[in-house]
Amino acid sequence: MPPNLVLFDIDQTLINSAGCGRRAFENAFFDVFGGREALSGLSMSGKTDTSIVAQVLHRFQISYEIWKAKEDAFWNGYIAHLGNELNHSKEAQVLDGIIELLNHLKNDPSNFLGLLTGNIKRGAKTKLEHFHLWEYF
C-alpha cells in the first residue's frame, strides 16, 4: 500500500485557541508599534501570519524598513504573549476527537502526518506544544 500524507491545519481543525492568537498579535503589535486594536475588523481565517502582518502594516502605514528593524521584537513578543494567553485561557482546547484521530493515524506506519498552516513555525509549535500535540508532527 502506498504511503499516505495526512496534512492538518491548526486553528479550528486541531484546536480552538479561543482568540489567544488574536490577543497575542494585538499585544505584541502594541508593545512594538504602539497601535491599538491592530486587528479590528480584520478576519484572520484562512490567512497566513505574514499576510496578516502585511495588512496591519499597511493599515498603520508602517514602512518595510521600520518593519524589518522591529520584526524580531514583534515575533518574539507574539510568541511570549501567545504562551501567556494559552496558559491563562479557560476556553482554549483540543477539538473533540482529535487525540483519537491522531493516535489512530500515527499507529499506521503508512501514514505520515504533517502541518499545512498559515501559522509561523514558532507559533504553530507554541500552540501545539501547549496541548501536547506537537509530538504527532
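Trainee: Which loop holds proline 109?
Mentor: This is a predicted model. Helix α4 covers 98–106, and strand β4 covers 111–115. Proline 109 lies in the loop between α4 and β4.

Trainee: Is proline 109 buried or exposed?
Mentor: The cut-off for exposed is over 50% relative accessible area. Proline 109 has 74% relative accessibility, so the residue counts as exposed.

Trainee: How many Å apart in space are proline 109 and asparagine 4, C-alpha to C-alpha?
Mentor: In sequence, the two residues are 105 residues apart. In space, the C-alpha to C-alpha distance between proline 109 and asparagine 4 is 9.3 Å.

Trainee: How many salt bridges does a search of the whole structure find?
Mentor: Side chains of opposite charge can pair when their charged atoms come close. One of the pairs here is arginine 23 with glutamate 85. Over the whole structure, the search finds four.

Trainee: Which residue forms a salt bridge with aspartate 11?
Mentor: The closest N and O atoms of this pair are 2.8 Å apart. That falls within the 4 Å cut-off. The partner of aspartate 11 is lysine 127.

Trainee: Why does the pair of aspartate 11 and lysine 127 tie together separate parts of the chain?
Mentor: Aspartate 11 sits in the loop between β1 (4–8) and β2 (15–16). Lysine 127 belongs to helix α5, residues 121–130. The pair therefore ties together parts whose separation in sequence is 116 residues.

Trainee: Which residue of that pair is buried?
Mentor: Buried means under 20% relative accessible area. Aspartate 11 has 25% and counts as partly exposed. The buried residue, with 4%, is lysine 127.

Trainee: Which helices does the pair of arginine 23 and glutamate 85 link?
Mentor: The two side chains meet in a salt bridge, 2.7 Å from N to O. The residues are 62 apart in the chain. Arginine 23 is in residues 20–33 and glutamate 85 in residues 64–88, that is, in helices α1 and α3.

Trainee: In which helix do lysine 125 and glutamate 129 both lie?
Mentor: These two form a salt bridge, with the closest N and O atoms 3.9 Å apart. Lysine 125 is partly exposed at 34% relative accessibility, and glutamate 129 is partly exposed at 42%. The residues are four apart, about one turn of their helix, α5.

Conventions
Residues are numbered from 1 along each chain as its sequence is written. This is a predicted model: local features need pLDDT of at least 70, side-chain atom pairs count only at pLDDT 80 or more; totals for chains, interfaces and linings use all residues. Side-chain values use heavy atoms; hydrogens and water are left out. Helices (H or I, at least four residues) and strands (E, at least two) are DSSP runs, numbered from the N terminus. Buried means under 20% relative accessible area, exposed over 50%, partly exposed in between (1.4 Å probe, protein chains only).
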